[in-house]
Amino acid sequence: MQASPRHGESVTCSGPHHDRAKEAEEFHETKAGVKGLVDSGLAKVPRLFIHPPKNLRDLSSGTDRAATGLEVPIINMMGCRDSRRRDVVDELRRASETWGFFQIVNHGVPAAVMDGMLEAVTQFHEQPEGVKREWYSRDDAKKFRYYSNGDLFWSQAAAWRDTLLFDFSCGVPDPEEVPLLCREPVFAYEEHIEKLKRSLSELLSDALGLTSGYLGEIECMESKRIVGHYYPICPEPELTLGTINHSDATILTLLNQNNHGGLQVRHQNQWVDVSPVPGAILAKIGDFMQLVSNDKFKSVEHRVLARRAGPLVSVSCFLFPGGTWKSKPYGPIKELLDVNHPRLYNQTSFADYLGYFCSRNGLNGESLLPHFRMMQTSPSPGEFITPCDTVYDRAKELREFDETKAGVKGLVDSGAAKIPTIFMHPPENLHGLSSNTNKTCLRVPIVDLRDCRDSRRRDITDGIREASEAWGFFQIINHGIPLDVMDSMLEGVKKFHEQEVEVKKELYSRDGMKRVRYFSNGDLFRSKAATWRDSVLFDFQDGVLDPEAVPPICREAVFEYEKHMARLKTSLSELFSEALGLGSSYLSGIECMKSETLTCHYYPACPEPELTLGIINHSDLSCLTLLLQDHHGGLQVLHENHWVDVVPVKGAILANIGDFMQVKKVPPFI
């Protein structure tokens, strides 16, 4: 991009000189955030922050009460424990069903505590850069961190805000992990918000027609994260946003804002200003509440405008399932279902929902709920199920399949002659399955690593560069992993999956925290159609696994294979660095391939292969994937708009360039 855009015109990626990734990296490395840009005397918004026209629609339209006739509901909680409880519940129900958003007064959180929290967030962000820089981090494991734009490196355009995050999702953090400036205010605020959460949990349960303790019992609001946003004054507010239009992934969000305004909610196809009400807490229904309430309560689309006045400061408390409940499947509450109100959504865990939210960049102006809506009819031959009818309960079939813990192998062993409906894919996924890819005359590149340490090193790096740029995929031979180690690994995986169900089901789990687990379809409750495979996973991300956690039937094979794979990874890290024109140690220095996870898939024989897939077309999220396969084939790669069979080569390891390798160093690798 070579020039700043005219008013109303969005910058594009067509110009040869603007490197967005470089600009994002440079902004990130300052650790000064948007506040740092403003303090530098900036008179124009950097291109990194300029949004496309579709995001900036209606920014200047009159959204005040007089212009629209719309006013955000205000709910007075006074007397909610006794004389006014019925009135409060009715008001909550109406606001949650129609707006998905309301302001709460007389909620029990003292004004001094609310003001203290807002002041602490303001003071933190307005400290000298050198002081707050030490807290700057994008490490999600940290209980407290300061950053600007969590989605900086993958969003279409950055937002005009900086953020503090206090993570209470696994309990109260160590006070020493929180800056002294914020310590007392945030712990006092969290204590009062916890009390308000409990009251709202009961009131919302009542509003849904459930017992008062229902939402508390299913622990759907047990975890919380408190996020303090700081929106500095903006020199060109017509070109950017404080936060793009989106709905929250949570059950409920509770928000405390100062008096500068800028928050808007979408109602009746209009953007409505949320005028600050002194002492009010704002409540936003999240996507996950809409899912469990089966559309009875509606999540709210909202955004924050950039402004020439300010700063706007807000403190959001996100409430969601946590602990073991984060991985527990949730679906529409059964007490809310009847003949007139059929199930509308598939079951999914909050972890899976949040994973999809992040993978699709939830802050992109698009609702993700449609992805989880049920497909509710049994298909005719050659016809895919649609959301139109109400006969087929996909969520029930998914749940029943998962509860067997027998996987796809269990279906085959039971003698199934037809594949269950949950495994049937739509026609667009199955296009070209029967085509003869050998007619394309395309062959996956083979890279020979022999003598990679000396005489042939230049030839090998050239071969890796050419294969990575043109294919993103190649087979490696003479890589140093003994054939017997590879064969033992494949045999160990096969033996594990072919054990009796009662033996292997002990490891069956969807808990992403478990470092060894067996499962079928990690995205079972959120994918459009299940795939014909089972998996066992060994997570080496945090170092060596406890041998006792690995099943005896494959223990020796797994550890021996991983040992050799770690050596190959080291060699490839150097070769890829050189192929990129960097120093040999560059990729290892940035630790982009430090962690390893072994995922071992088992694809049983399929009675109707024309109706399903072993894995749907995709690219990997990793930097690099190294794959070992047996002689049966079935893997294909897309090249020059053709699906090309990856013909097994005895003793070869397949290398697959992942999305993160493409992101970390865009050209020359595709």
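What share of the 670 residues in the chain do buried residues make up? Buried residues make up 51% of them, where buried means under 20% relative accessible area, exposed over 50% and partly exposed in between (1.4 Å probe, protein chains only). This is a predicted model, in which local features need pLDDT of at least 70 and side-chain atom pairs count only at pLDDT 80 or more, while totals for chains, interfaces and linings use all residues. Residues are numbered from 1 along each chain as its sequence is written, and side-chain values use heavy atoms, with hydrogens and water left out.

## Overall make-up

The chain has 19 helices and 23 strands. Helices (H or I, at least four residues) and strands (E, at least two) are DSSP runs, numbered from the N terminus. Of the contacts in the chain with a separation of 6 or more, 75% are between residues 24 or more positions apart; contact means heavy atoms within 4.5 Å.

## Nonpolar cores

A nonpolar core is a set of buried Ala, Val, Leu, Ile, Met, Phe, Trp, Tyr and Cys residues joined through side-chain atoms within 4.5 Å. The largest such core has 73 residues, and F166, Y189, L215, L252 and L254 touch the most other members. Helix α7 (residues 180-207) gives the most to this core, with 10 residues. With neighbours within four places in sequence left aside, the contacts of L254 include I193, L196 and L200, as well as I281, L282, A283, V315, S316, C317 and L319. A second, separate core holds 44 residues, among them V447, V550, L628 and M661.

## Helix pairs

Two packed helices are described by the angle between their axes and the distance between the axes. Here axes are lines fitted to C-alpha atoms, for helices over the stretch in contact, and angles run from 0 to 180 degrees between N-to-C directions.

The axes of helix α4 (residues 85-98) and α7 come within 9 Å and cross at roughly 75°. This makes α4 roughly perpendicular to α7, given that angles under 35 degrees count as roughly parallel, over 145 as roughly antiparallel, 65 to 115 as roughly perpendicular and the rest as oblique. On the α4 side the contact is made by R85, V88, V89, L92, R93 and S96, and on the α7 side by E202, L203, L204, D206 and A207.

Helix α14 (residues 457-470) and helix α17 (residues 555-579) have axes that come within 9 Å and cross at roughly 75°. Helix α14 is therefore roughly perpendicular to α17. In this pair R457, I460, T461, I464, R465 and S468 of α14 meet E574, L575, F576, E578 and A579 of α17.

## Salt bridges

Side chains of opposite charge can pair when their charged atoms come close. The structure holds 38 salt bridges, each being a side-chain nitrogen of Lys or Arg within 4 Å of a carboxyl oxygen of Asp or Glu. Three of them are listed here.

| Pair | N to O distance |
|---|---|
| D140 and R225 | 3.4 Å |
| E238 and R308 | 3.7 Å |
| R510 and D402 | 2.9 Å |

D140 is partly exposed, with a relative accessible area of 44%.

The pair of E238 and R308 links distant parts of the chain, 70 residues apart. E238 is in the loop between β5 and β6 (241-246), and R308 is in the loop between β11 (302-305) and β12 (312-320). The relative accessible area is 29% for E238, which is partly exposed, and 56% for R308, which is exposed.

R510 lies in the loop between α16 (501-504) and β17 (516-519) and D402 in helix α11 (residues 394-404), so this pair ties together parts that are 108 residues apart in sequence. D402 is buried, at 12% relative accessible area. Elsewhere, salt bridges that share partners join E190, E194, K197, R198 and K224 into one network.

## Cysteines and D352

A search of the whole structure finds 0 disulfides, a disulfide being a pair of cysteine sulfur atoms within 2.5 Å. The sulfur of C600 has its closest cysteine sulfur in C554, 7.5 Å away, which is too far for a bond. C600 is buried, with a relative accessible area of 8%, whereas C606 counts as partly exposed at 23%.

D352 lies in helix α10 (residues 350-359) and is buried, with a relative accessible area of 15%. Not counting residues up to four places away in sequence, D352 touches G522 and R526.
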